[in-house]
Amino acid sequence: MDDVDIDTWKTEIKRGIVEMCILALLSKKEMYGYEISKTIKQLSSGFLTIEEGTLYPLLRRLEGKGYIRGEWKIVHDKARKYYKITSLGLQVFAEMRSFWKKLSSIVNNIVEVKEGE
Amino acid sequence: MSEKEAMELIDEYLDEVKRYLPEDIAEDVVAELRTHIIDKAMELGGLTVRNVYRVLRDLGDPRELASKYVVGGKKEKLVFELGISDDLYPYFIKIVSWVVIFVIIGYTLKIISYAYHGSAAALLDVAMIFAEMLLSITFIILGLYVLMSIVSSNPDLKKGFLKIMKDLGLEIRREVERAKKRTEVRIAKPREVTERPKRFEEIEYLQPFPRAIAYSPSILLVFKSFVALFMAYMVFMVSILPFNQLMKFFLYILSTYLILIAVIDLVEYFYEKYTETRSYLADTVKSVLGFMFLPWLLIAAIFTEQIQLIIIPTEYLVKGYFDLLRYGVIITIPQEYLPLAKIIIIVAIIAIIVDGLIAILKYVRTAPKAWSDHLYAV
């Protein structure tokens with residue numbers, strides 16, 4: 001596997017995770033687009049970054065699926081579109097989270113297996 | 001670098017994004033992007049042109065950004081914008097080369113088979129096969145260009161196309177990587193923006209043609225303009241000779257064409273001098289002007305025997321242009337030259353059409369690409 005393939009693999013893994021992270025953040029509180037992007041970057045210490053050119057269309061897609069709902073609000077004299085998670089989004093997130101836990105533990109078992117075990 | 005200029009820059013970028021968005025979501029998306037750009041620019045140190053450029057660079061090409069909302073979104077819709085992206089261009093060239101080679105081989109076989117079975121004297125028929133070949137190649141290239149433009153405009157289609165190429169073992173890794181590297185270098189090492197004396201140099205990046213900065217027009221344009229005017233006058237003078245209607249029609253078109261070229265050259269010179277930007281539109285219009293000759297060429301292709309030539313009898317020693325008017329004798333085209341004349345006419349028709357279409361495609365293609373170019377140039 002050369003560099004390019006590894007990069008593609010990393011990007012694909014991250015892409016799926018980012019959707020879950022967005023739902024996770026919005027399950028705690030409502031946020032606007034840029035805030036979501038900054039929070040993900042901050043919480044992952046810069047490991048997970050989402051390009052703005054990808055974030056906003058992604059938010060629109062999640063909104064289209066009914067997982068989140070956007071609403072324009074004026075906070076501190078600034079009009080911004082805040083997103084909040086819907087009940088359907090919470091259900092999807094719960095499923096994602098349990099799947100992720102299972103997957104990560106199984107994958108860890110496989111990847112971290114030591115010789116002789 | 002005022003806030004007003006930065007806002008103008010944002011407006012122009014968002015207008016471009018809006019152009020490619022479905023109407024029902026356009027306003028909302030643009031409003032959200034606007035708040036994002038302003039927020040981020042403020043975080044970078046204020047609403048300046050430089051900061052706004054950085055934010056826009058991260059957002060990327062407006063067309064590509066808009067396409068992400070359309071393709072794979074709620075509203076699955078095929079986007080079409082003329083122009084092939086950098087990573088697909090090597091494939092386009094490769095496909096075109098192969099197709100052209102096959103077409104040429106096919107038609108060559110047809111010509112050989114015709115020469116073998118048909119009459120050797122049927123030069124015109126062979127010329128027609130040749131013209132048919134050129135026309136086929138033209139349409140194939142145009143068709144492929146449009147097809148690849150559709151693939152370029154839709155990220156999902158593009159991904160699918162690249163995957164198919166990879167699976168078939170036809171991946172052009174070297175060229176694609178080189179194109180990617182070029183882009184990365186442009187992003188990684190942005191040109192330093194130091195002091196810019198005039199506002200237009202900043203805003204110039206918004207013009208469709210990025211390499212248009214500080215362009216100084218050549219005085220050659222004025223010279224060319226006067227030469228064209230002089231030639232138009234000479235052609236018009238020739239038209240007083242007793243030519244038939246077909247040839248008079250040609251001479252009038254030619255002199256009108258030369259006058260228009262002269263006017264465009266002159267306008268181009270002053271435009272470029274005033275705006276300090278190269279006028280690509282003028283180049284395009286000049287190429288398209290060739291279409292003026294098409295009606296005459298089509299008539300001449302049918303009534304080729306009506307074409308007249310002007311010759312000087314050998315007993316006169318011609319010293320200049322006016323001797324041509326005085327001693328010139330008008331003759332009709334000799335019979336044995338008719339097939340050759342027809343070939344030349346057909347080739348001229350094809351050349352004019354191809355040249356005009358290429359000029360238009362080039363002009364149209366440059367516009368949507370420009371954004372990414374000058375964003376990277378900041």
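**View 1. The end of helix H3 of chain A.** Just after H3(A), A:Gly66 adopts a positive phi of about 85°. Helices here are DSSP runs of H or I with at least four residues, strands are E runs of at least two, and both are numbered from the N terminus. This is a predicted model, where local features need pLDDT of at least 70, side-chain atom pairs count only at pLDDT 80 or more, and totals for chains, interfaces and linings use all residues. Residues are numbered from 1 along each chain as its sequence is written, while chains are lettered from A and ligands numbered from 1 in the order in which they are written.

**View 2. Buried residues along H3(A).** Among the buried residues of H3(A) are A:Leu55, A:Tyr56, A:Leu58, A:Leu59 and A:Leu62. Buried means that 20 or more other C-beta atoms, placed from the backbone, lie within 10 Å of a residue's own.

**View 3. Where chain A touches chain B.** The contact takes 14 residues from chain A and 15 residues from chain B, with contact meaning C-beta atoms, placed from the backbone, within 7 Å. On the side of chain A, H3(A) gives the largest share, 8 residues. Helix H2 (33-43) and strand S3 (78-85) of chain A also give two or more residues each.

**View 4. Confidence along chain B.** Chain B averages a pLDDT of 75, and 72% of its residues score at least 70; pLDDT is the predictor's confidence in each residue, from 0 to 100. Among the elements of chain B, helix H13 (residues 294-302) has the highest mean pLDDT (89) and helix H9 (residues 199-203) the lowest (40).

Note on methods. Buried ≥ 20, exposed ≤ 12 C-beta atoms within 10 Å, placed from the backbone. Contact = placed C-beta atoms within 7 Å.
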